[in-house]
Structure formats: structure tokens, C-alpha cells
Amino acid sequence: MTDQTTTDPRRYLSHLELGEPDKTFLDTNELVINMGPQHPATHGVLRVILKLDGEKVLGTECVIGYLHRGVEKIAEHRTYTMFNPYVDRMDYVAAVSNGLGYCEAVEKLLNVQAPPRANYIRVILAELNRLASHMLWLGTHALDIGAITPLFYTFRDREEVLKIFEKYCGARLTTHAFRIGGCLYETYDGFEDDVKKFHKFVTPKIDEYEELLTTNRIWVERTKGVGSISAKDCIALGVTGPVLRASGVKWDLRKAQPYAAYSEFDFEIPTCENGDTYDRYLVRMQEMRQSLRIIEQAVGKIPDGPIMAKVPKVMKPPVGEIYHSIEAPKGELGYFIVSDGSTQPYRVRVRPPSFVNLQALDLMVRGQLVADVIAVIGTLDIVLGEVDR
Amino acid sequence: MPDEPKSPSPTPDPKQTPAAGSAAASTPEKHSAPAKPAGPAALPWDSPMVSRLKQRYGSGVEASSYLGQNYMVVDSSVVAELLRVLRDEERFDYCVDVTAAHYLEREKQFDVVWILYSFALNERIRVKTMIADGESVDSVVSIWPAANWLEREVYDMFGIRFEGHPDLKRILLPDGWKGYPLRKDYGIIQQDQEWVQINLGIESGQ
């Protein structure tokens with residue numbers, strides 16, 4: 001292979017200040033190994049170079065970019081409307097949230113407001129998507145650390161969410177559900193019933209997952225105290241989302257700076273104290289319940305009215321810059337858009353939660369075992385499509 | 001082919017007038033080439049924090065607010081110190097994002113933008129500075145460790161160097177890649193052919 005990047009992994013570790021390996025009667029050697037990019041537990045194409053002393057991790061270095069498609073460059077060559085479907089391909093397990101953030105950012109730039117009915121539909125779909133994203137996270141995370149059963153359960157239930165998406169907009173994964181200014185599609189006949197049915201169906205399922213794992217001794221041993229991170233470190237490293245909340249910071253953009261219709265619903269921000277893998281698991285389980293709570297409130301009182309604001313066919317936002325961010329399932333997802341007054345954005349910057357959260361991996365796994373690296377990658381809930389864009 | 005480049009040549013699209021560069025400046029109407037029906041204008045932003053910073057840095061700080069979002073345009077000579085003050089004294093403890101934008105026609109070609117958030121104040125601001133091609137800015141990794149990868153990405157995409165960064169190297173593109181893709185003179189289907197041929201063993205990545 002002539003690939004320059006694999007010739008000497010050691011040079012990636014140049015900046016890591018690594019201590020001497022422990023001296024025992026058997027002389028130990030430091031070992032540098034590659035994990036990934038093709039590895040089932042890296043959830044995509046993430047390559048982690050590990051420096052090990054036996055099974056202990058001395059330091060890591062992430063090599064990313066295998067899935068880089070230049071989304072931000074593409075944006076500069078598309079109109080605002082044409083770029084909309086591209087954002088779904090970043091965090092493809094939470095496409096609705098990606099689209100919501102982008103549409104709201106452009107709406108802000110255009111200075112238009114989506115009508116209330118559209119906002120309700122947006123909230124319902126975004127929360128359904130949060131459930132789908134968390135379910136996928138739970139299944140794969142559990143699978144990574146040895147519990148196979150939850151995967152089948154969560155994929156079975158996630159299917160119900162995808163069915164609703166499919167009925168609503170024809171797509172299951174990269175939904176492109178929203179348009180700038182509101183929603184393109186009116187809810188289909190029986191949408192409310194489907195959502196209510198889903199709510200009823202899935203509420204006991206979450207208890208079922210918890211029954212399988214929360215008090216399961218193997219699960220607890222594999223996750224408690226693994227990959228701890230303090231609230232201070234989280235903030236310093238820019239970590240957001242469930243990871244931040246599991247470390248004890250009660251911060252959620254849906255509450256801190258409400259968007260769409262979130263200010264109208266009653267829900268809690270679940271937090272935990274220890275910031276370890278187990279706590280992050282608990283926080284996400286609680287978040288699923290809170291999402292169901294929001295869905296239940298929203299579906300009962302979707303207001304009547306238009307679903308699309310008055311936006312021009314040819315969008316030319318006035319010259320200016322805007323940053324808008326939402327609480328995606330993984331954390332703060334932001335869009336920084338610069339308009340030069342033409343039909344195409346001058347610059348679109350996506351602030352991806354997975355990318356920033358992944359920075360914390362090194363801190364979280366130092367001094368832990370190799371097997372815990374798998375657990376920590378799982379618990380960070382990264383999607384490489386979003387890390388690399 | 002739908003991916004036809006809009007402007008493969010280094011000459012920028014005529015639509016992208018220099019006005020875009022001064023978007024954030026206080027008088028956007030004056031520069032924008034086609035006199036659009038006046039959009040929302042940037043208003044001056046005044047707060048105790050702004051006056052404290054203005055007192056300290058004088059004319060180096062220009063604070064405005066656009067569509068309810070506050071930002072400062074700061075002279076590149078004081079920006080590093082100002083960012084530290086924002087963290088230490090004004091409680092902006094969370095660095096949301098570091099990014100940049102390229103304006104080919106301007107003398108100072110790059111906008112470098114820091115997006116900051118304060119958990120205590122629930123407030124988000126942007127700090128922006130302008131630098132010329134080849135100039136560098138001070139790294140903020142020592143202030144917010146979160147900036148580490150974000151600065152690497154800016155370096156990777158724009159070629160802006162951050163002085164004092166612990167390990168400034170490419171992050172999304174391969175190490176040996178030539179060129180900085182998010183610059184405006186880098187075409188959308190442009191690539192480092194040599195790298196592709198050597199490393200992938202194919203004629204072209206297109």
C-alpha cells in the first residue's frame with residue numbers, strides 16, 4: 001500500500017504526552033495499534049490509533065475524514081432550496097433534526113416565521129426522530145458491549161417511527177420532511193392516530209429495554225465508571241447533548257433558547273451526576289420518555305391553519321450572517337449562514353455535535369481498557385456522516 | 001452533469017460582489033450592488049459588556065446586532081486578548097464554533113469567526129476578525145480546548161494558520177493534500193490529482 005497515512009501511525013501521536021509504561025518484572029512494551037476504519041464498533045469509518053500498555057490505553061488519536069463529501073462547499077454552489085436535502089445526509093439517523101435546523105436558520109435569515117401548524121408538525125417529527133436516533137444508539141451500543149437482544153427490540157420499534165415518516169413524506173431515512181418556510185406536506189389522514197398508536201405502543205417498550213439493561217449486572221459492570229467526564233471538562237471541550245447532561249449540566253437548547261414550538265410544551269431535562277457511560281445511558285432513556293411526553297402533548301392540539309409561510313419562489317435573503325442552532329439528538333447542531341444577497345448561500349458552516357463530542361474521546365478513555373474504548377465510542381453516539389460531512 | 005461547477009476559474013462569480021464582505025459592517029446598504037428593498041439592517045449593539053470592551057480596546061471593537069444576534073468585529077491585533085477577556089471576565093465559557101469565510105476580492109481576504117456561548121448568561125455572541133492571506137491568528141486552544149479540532153478544520157479548509165495550536169495539521173483531508181477547498185478560488189470539482197493518482201491508483205476521483 002502506498003497510502004501515506006498508514007505508513008507510520010506513530011507520527012500521529014507526536015503531540016500526546018505519554019508517561020512511561022508501568023515497570024513490572026516482565027518488561028512491558030508500548031504498542032501502537034489501529035482500530036478501524038473498517039470496524040463494526042466504530043459505527044462507520046472512524047479510525048482510532050491507540051497507544052497501549054498491555055490492555056491499558058495510554059492515548060488515542062482519531063483519524064477522520066473518510067466520509068468527507070464537502071457538504072459546505074456544495075452548499076455554496078446550490079440555491080438555498082436545493083441544498084436542503086443535502087443536510088439530511090449528515091446525521092442520517094436524525095435527518096429530520098438536520099433539516100429542521102437548516103430550514104429555521106434560513107427562515108431567520110429571510111426573516112419569516114413558520115406558521116404554528118407547521119411548527120407542531122416539526123416538533124412531532126423531530127421528537128419521533130429523536131426516539132429513532134436514541135433507539136438506534138441503544139441497540140448498537142448494547143451490541144458493541146455484548147448485549148445482543150436490545151438490538152432486535154430497538155430496531156423493531158424504530159421501524160414504527162420510520163413507517164410514520166414514510167407515510168408522511170415518502171422517505172424513511174433521509175426524509176427531507178421540511179421546507180424553508182414550513183412544511184411541504186400536510187399531515188396524511190390518520191397521522192394523529194398513527195402517532196397516538198405509536199405512543200401507546202412504545203411507552204411500555206422503553207420499560208422493556210430498561211428491564212433488560214438497567215439492573216443487569218453485566219451491563220452495569222461494563223458501563224459504570226467507564227469513560228467518566230466531568231461537567232467542567234465537557235464545557236471546556238464543547239461537548240453538548242446527552243453527554244453534557246449526564247455530567248450534571250441541566251442544559252438543553254429546547255429550553256435554553258426555544259425554537260419551533262418547544263416553549264409550549266411541558267417537559268423535563270433529565271440529568272445525572274457521574275458522567276459515566278451508565279449515566280449517559282440513563283439520561284438517554286429518560287430523554288426518550290420526555291420525547292414521548294412532548295409528542296403526546298403536541299399531537300393532541302395541532303392547530304389548524306396554513307403549513308407554509310409566504311416565502312418567495314426564488315429566495316434571495318438580504319445580505320447578512322446568521323447562526324442558528326437546535327438541540328439535535330446528539331447535541332447542539334448549528335448552522336452559520338452568510339448571505340450575499342444572491343440565490344445561493346455565500347458560506348454555510350455546519351456546527352456538528354458529533355464532531356465536537358468526538359474530541360472528548362481521548363480524555364474519556366485514557367487509563368481505561370481497550371474494551372472500554374468500544375463502550376465509549378458507543379456512548380458518545382457519533383455518526384460519521386456528520387463528523388466528516 | 002448536475003455537478004457542473006459554477007465558476008471553475010479563479011475569477012469569482014460576478015454575483016458575489018464585495019458587498020458580501022462588508023455584510024457585517026455597519027452600512028450594508030451602501031455597498032450591496034443591486035439596491036435591494038432594504039432588508040433588516042444591522043443595528044448598533046450596546047451593553048455594559050460592550051462598553052467595557054470598548055473602553056479597553058477603543059476603536060478596535062465594533063459591536064452590532066443583526067436580526068437579534070449580537071456580534072463584534074474586532075481588529076486582528078487585539079482579538080486574542082479580547083477572547084481571553086470574554087472567557088475570564090465575561091463568562092463566555094463555551095466555545096461553540098470556530099469558522100471562517102473567504103472573500104477573494106477583499107484585501108483582508110478572510111473572516112475568522114468565533115461563536116461563543118455563556119451558560120451563566122444564556123447568551124450567544126459572535127466575534128469576527130479579518131485577516132489577509134498568509135496572516136495568522138492566535139490559537140484559542142489554551143482558552144477553550146474545544147477549539148482544537150475546530151481550528152484544525154479551518155486550517156484544513158482555508159489554510160489559515162493558528163499560532164500556538166498544539167498540533168495544527170489537516171483533519172478531514174489527507175495529510176499530503178494540496179490546496180484549501182473552501183477558498184473561493186478552489187473549484188467545486190477541483191481535486192489534488194497527483195494525490196489521487198499516487199494514493200488511490202486511479203486517474204481521477206471524478
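**View 1. Where helix 5 of chain A meets helix 6 of chain A.** In this predicted model, the helix 5 side of the contact includes A:Leu128, A:Leu131, A:Met135, A:Leu138 and A:Leu143, while helix 6 brings in, among others, A:Leu151, A:Phe155, A:Arg158, A:Val161 and A:Ile164. Contact here is C-beta atoms, placed from the backbone, within 7 Å; helices are DSSP runs (H or I, at least four residues), strands likewise (E, at least two), numbered from the N terminus. By class, this contact has 14 nonpolar, 3 polar and 2 charged residues (nonpolar: Ala, Val, Leu, Ile, Met, Phe, Trp, Tyr, Cys and Pro; charged: Asp, Glu, Lys and Arg; polar: the others, Gly among them). Helix 6 spans residues 149-169, and its axis sits 9 Å from that of helix 5, at an angle of about 160°. Axes are lines fitted to C-alpha atoms over the stretch in contact, with angles from 0 to 180 degrees between N-to-C directions. The two helices are therefore roughly antiparallel (angle over 145 degrees).

As for ground rules, local features need pLDDT of at least 70, side-chain atom pairs count only at pLDDT 80 or more, and totals for chains, interfaces and linings use all residues. Residues are numbered from 1 along each chain as its sequence is written, with chains lettered from A and ligands numbered from 1 in the order in which they are written.

**View 2. Helix 6 of chain A against helix 7 of chain A.** Helix 7 covers residues 191-213, and its axis comes within 10 Å of the helix 6 axis, crossing at roughly 165°. That makes this pair roughly antiparallel too. Among the residues making the contact are A:Tyr153, A:Asp157, A:Glu160 and A:Lys167 from helix 6, plus A:Phe198, A:Lys205, A:Glu208 and A:Tyr209 from helix 7.

**View 3. The largest nonpolar core.** Of its 163 residues, A:Ile124, B:Cys95 and B:Leu116 touch the most other members. Helix 5 of chain A (residues 116-144) gives the most to this core, with 15 residues. A nonpolar core joins buried Ala, Val, Leu, Ile, Met, Phe, Trp, Tyr and Cys residues through C-beta atoms within 7 Å, buried being 20 or more other C-beta atoms within 10 Å of a residue's own. Leaving out residues up to four places away in sequence, B:Cys95 touches A:Gly238, B:Trp114, B:Leu116, B:Val140, B:Trp144, B:Ala146 and B:Ala147.

**View 4. Chain A meets chain B.** Here 41 residues of chain A are in contact with 46 of chain B. Elements of chain A supplying at least two residues each include helix 9 (231-236), strand 8 (320-328) and strand 9 (331-339). The chain A side has 15 nonpolar, 15 polar and 11 charged residues.

Technical notes. Buried ≥ 20, exposed ≤ 12 C-beta atoms within 10 Å, placed from the backbone. Contact = placed C-beta atoms within 7 Å. Parallel < 35°, antiparallel > 145°, perpendicular 65-115°, else oblique.
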